[in-house]
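Let us walk through a protein model step by step. Keep the 3D view open as you read.

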Amino acid sequence: MSAPAEHGISTSDLCLWYGAFQALKRVDLEVKHGLITALIGPSGCGKTTLLRCFNRVNERYGSVTTTGLIRIRGKNVYDADVSLIELRRRVGMVFQRPNPLPLSVYENVVFGLRIHAEKRPPKSVLDEAVEKALTEVGLWKDLRDRLQAKATGLQLEQQQKLCIARLLPLKPEVILMDEPCSALDVEGTRAIEELMFALKGKYTILIVTHNMAQARRASDECAFMLLGELIEHTRTENLFLNPSNPKTAEYIEGRYG
Amino acid sequence: MSLPRSPERPAGRGRLAVLFEQAIELLIRLCGISAIVFVFGIFFFVFREGAPYLAQLDLGAFLFSSDWYPSNDPAHYGAGALLLGTLSVTLLAMLMAVPFGLGAAVFVSEFSAPRTREVLKIVIELLAAVPSVVWGFIGMSVLGPLIKDVFQVPLGVNMFNAALLLALMSVPIIVSIGEDALKAVPDSYREAALALGATRWQTVFRMLFPAAKNGLLAAVLLGVGRAIGETMAVLMATGHSARIPTSLFDPVQTLTATIAAELGEARQGSEHYQVLFLIGVLLFTLTFAVNLTADLVVKGIRRK
């Protein structure tokens, strides 16, 4: 293994309660920058909850209590001087169901630029951003003539790619993906995975997945969670070939899940 | 295995049961169609009462002249001032009700805590339950003197007074339909916008309004329909004077109030009587156009 890369995300002693239910128990996780890290575990183990801590989107619901530290590129996200808006610019999120905004393709891609701009960005900047972002996710050729079409009318695969594309103009450092392929077919899944490989290096990518085969083929490192605890976190091939914890071994063999 | 019986007589059912089923179906069908029958029936009878005057009607003068002197000899039936009265009061009412109503809808749907929301919805619906004659009474006895004092105008019952009442009457409709439209926007869109770093206001203006625009437009149009058709409150609060208004505080007279005030005095079958029915037809056309637009707009939502 190479020298330890800089951390994209690190947590220490992270606990989270929904009301009285403890969903995360003392999670210590270090996600390396520039790699794809997969979070696996059975339903209800807290992997999506953990993911949603990192852009603090969990806080939408009342009665959520969080303790411990979460650092994104070394900066604690609960520090008083951290702006939620700036945090969410730096930490992009892709959801389980593709959720492009009910606007045009063009407006979806520039949405982030518009809301974060101090004053109206000139059209040339926006046009350029759209072409760049759509090219990066491989949609430009298909959609260059349909930029004004409604994004909600696209194929699911295109919608999900668009959801990734709209993060890129904001130059995020971290991209969180919550089962991004679960609504897609085989082709769509392959396309999104290839896109993840293409984006790797520039971004810290953290992906929650139910699909162990996907974790195995698409991630560099893999973290296994169970009942709110982080059980094991290592190189993906290590986790699948030589799991150190018997619970991990049983899960990846499919004894439960 | 036995052969299936004919579909008209399902196994195990007597002839009577089948007949009963058909009778119920017929009854329900009639209920459904009756609405259409009633609407056309009303239009037909209103139109029939007014039709004899059509032969001598000068449409230009009827629509655009402001000479409304039904008891003069010869009488003048220019409904222009009345039409303008209805349109101006409605427009002024909407200028007040739309921002207020949509703002309230956004607050109720997006910003209020669940308990506040429930209380607000009940109170707003209560506002819709106030009878219009009570509104008219408030206009005459509370708003009128107040407007006279505050704006230093000679007459308290005027266009502004009536528009204020109409605004208060249409706000509940705009709020409740507008809130439905906002609630219909999937939560995943809000989450998407927030996760991109939008503030709540940016989420409302840049995502929610475009997403719910059809429903919000329908809410506004239904509010307009309410305002155009309102009679008693405007009869009491406009000042009821058929003139072209030149300021917000001039008295006006609306189409609806004219019919309500004069139909009782007009001899049945007289010219005046027939013209009042034609005004009814005009009003009917106006509200029909507004409702149809609202309908088409709402259909537009479902198609997407």
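**A sheet, a helix trio and a meeting of chains**

Start in chain A, with an open sheet of six strands in the order S6-S7-S8-S3-S9-S10 and with mixed pairing. Strands (E, at least two residues) and helices (H or I, at least four) are DSSP runs, numbered from the N terminus. Two strands pair if DSSP finds at least two bridges between them. Strand S6 (91-94) and strand S10 (229-235) of chain A are the edges, and each pairs on one side only. From one strand to the next, the twist averages 20 degrees.

This is a predicted model, where local features need pLDDT of at least 70 and side-chain atom pairs count only at pLDDT 80 or more, while totals for chains, interfaces and linings use all residues. Residues are numbered from 1 along each chain as its sequence is written, and chains are lettered from A and ligands numbered from 1 in the order in which they are written.

Strand S9 (residues 221-226) of chain A pairs with S10(A) over six bridges, in the antiparallel sense. Find Ala223(A): opposite stands His233(A) in S10(A).

Move to chain B. Helix H3 (residues 80-111) and helix H6 (residues 159-183) of chain B have axes that come within 6 Å and cross at roughly 35 degrees. Axes are lines fitted to C-alpha atoms, for helices over the stretch in contact, and angles run from 0 to 180 degrees between N-to-C directions.

Finally, where do the chains meet? In all, 19 residues of chain A are in contact (C-beta atoms, placed from the backbone, within 7 Å) with 16 residues of chain B. On chain A, helix H2 (84-90) and helix H3 (105-116) each supply at least two residues of this side. H3(A) gives the largest share, five residues. By class, the side of chain A that touches chain B has nine nonpolar, four polar and six charged residues.

Definitions and conventions
Two residues are in contact if their C-beta atoms, placed from the backbone, lie within 7 Å. Ala, Val, Leu, Ile, Met, Phe, Trp, Tyr, Cys and Pro count as nonpolar, Asp, Glu, Lys and Arg as charged, and the others, Gly among them, as polar.
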